[in-house]
Amino acid sequence: MSCLRFTNLSISSLRSALNETSATLTAETVTTAMALCTNDVCNGNMQTWRTHLGGVMRILRAFLDKQGTLPIADPYIQCLVKWFTTIDVLAGLSGLSTSGVMSSDTGLLDRFLDPLNPHVDDICGYSLKLAPLLARLSQLVQRRYCTKPGRQQDVLAEARRLEIGILSLVDCNVSSGDSFELQSTHFAFVHSALLHIHRRIQTLPKSHAKVKEDIKKIIAAVEQITPFSSANILILWPMFSVGCETDDSKEREFIHRRMGKMQSLGMGNFTRARELLNKFWASETSLPWDVYFANLGLELVLF
């Protein structure tokens, strides 16, 4: 009841801010909206998170418009943009029934991207150059299921180009002073993106050499992150993805145990993800995990 009371109060304040002059639109207002959206995701309030995510997008755009056209160096504002990008991109990658509101050409990140900066971002867990590629990946997966079998060539051709772009970002370094575990989180995202191309777009079987190599590299990346490191919170999507794609009992046990440790810390959406992963394993279905959950009407954002 307390959570509901304060959530409703926050929503009321946001509505008031949006109805008043643009002077009321502050970074703190955007932060409140982001916190509400994150809370919806982690508490499984899937009926409202889309509304809040769309609202955050509009508030954030309006706020950034107030800042002018110059590159923004304020770390607070940068954090808000990357926070939104993380949730939105992962929403689009989390299944057939989920989708983000940001398109790959939104331009939100353009004012923060340094074309010469190869570093892994400490908020997203991967290079920011990978973000638009992940957004394109989610769009391609949706197109793959909406396009008739005889007209898949364009989707497959774009997937091959996307694969090349993703592979070009394998070698990204961490900034001095950041945890070197960020290198591993980036690897996990890169190889998870490749796994999604190979399994969800190209529909390669689990026995295919490319799929096995993707799984091997994701597991290896996660193993480089200590079990109770906060870096684990960044990689729910890679861990859930590889958990759904491997049939190896040892690999499954490793993923299940690691997700359990993060669940015990109360971080991210690990509780619901672990429940659905167990449900998927128990079903022994031959369906791809995204199709399986969509057929059951189950929804999850891997954030």
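## The chain as a whole

The model is a predicted one, and its chain of 303 residues has 49% of them buried. Among the contacts in the chain with a separation of 6 or more, 70% are accounted for by residues 24 or more positions apart.

The largest nonpolar core has 86 residues, and those with the most contacts inside it are Leu-130, Leu-134, Leu-137, Ile-166 and Phe-240. Helix 7 gives the most to this core, contributing 9 residues.

| Helix pair | Axes come within | Crossing angle |
|---|---|---|
| Helix 5 (residues 131–146) and helix 7 (residues 181–201) | 10 Å | roughly 15 degrees |
| Helix 11 (residues 270–283) and helix 12 (residues 289–296) | 11 Å | roughly 100 degrees |

For the pair formed by helix 5 and helix 7, the axes cross at roughly 15 degrees, and helix 5 is therefore roughly parallel to helix 7. The crossing of these two helices, helix 5 and helix 7, is left-handed. On the side of helix 5 the contact is made by Leu-134, Leu-137, Leu-140, Val-141, Arg-144 and Tyr-145, while helix 7 brings Phe-189, Ala-193, His-196, Ile-197, Arg-200 and Ile-201. Sorted by class, the contact of helix 5 with helix 7 has 9 nonpolar, 1 polar and 2 charged residues. Leu-134 and Leu-137, which take part in this contact, are also among the residues with the most contacts inside the largest nonpolar core.

For helix 11 and helix 12, the axes cross at roughly 100 degrees, and these helices are therefore roughly perpendicular to each other. Here Leu-276, Lys-279, Phe-280 and Ser-283 in helix 11 meet Trp-289, Tyr-292, Phe-293 and Leu-296 in helix 12. By class, the contact of helix 11 with helix 12 has 6 nonpolar, 1 polar and 1 charged residues.

His-196 lies in helix 7 and is buried, with a relative accessible area of 2%. When its neighbours within four places in sequence are set aside, His-196 is in contact with Leu-93, Leu-137, Ile-201, Trp-237, Ser-241 and Trp-289. Of these, Leu-137 belongs to helix 5 and takes part in the contact between helix 5 and helix 7.

Phe-280 is found in helix 11 and is likewise buried, with a relative accessible area of 5%. Leaving aside neighbours within four places in sequence, Phe-280 is in contact with Cys-244, Thr-285, Leu-287, Pro-288, Trp-289, Tyr-292 and Phe-293. As for Tyr-292, it stands 12 residues from Phe-280 in sequence, and the C-alpha atoms of the two are 7.9 Å apart in space.

Asp-88 is found in helix 4 (residues 75–92) and, at 2% relative accessibility, counts as buried. Although Asp-88 and Met-57 are 31 residues apart along the chain, their C-alpha atoms are separated by 9.3 Å.

Methods:
Residues are numbered from 1 along each chain as its sequence is written. This is a predicted model: local features need pLDDT of at least 70, side-chain atom pairs count only at pLDDT 80 or more; totals for chains, interfaces and linings use all residues. Side-chain values use heavy atoms; hydrogens and water are left out. Axes are lines fitted to C-alpha atoms, for helices over the stretch in contact, and angles run from 0 to 180 degrees between N-to-C directions. Helices (H or I, at least four residues) and strands (E, at least two) are DSSP runs, numbered from the N terminus. Angles under 35 degrees count as roughly parallel, over 145 as roughly antiparallel, 65 to 115 as roughly perpendicular and the rest as oblique. A crossing is left-handed if the near helix is turned anticlockwise from the far one by less than a right angle, and right-handed if clockwise. Contact means heavy atoms within 4.5 Å. Ala, Val, Leu, Ile, Met, Phe, Trp, Tyr, Cys and Pro count as nonpolar, Asp, Glu, Lys and Arg as charged, and the others, Gly among them, as polar. A nonpolar core is a set of buried Ala, Val, Leu, Ile, Met, Phe, Trp, Tyr and Cys residues joined through side-chain atoms within 4.5 Å. Buried means under 20% relative accessible area, exposed over 50%, partly exposed in between (1.4 Å probe, protein chains only).
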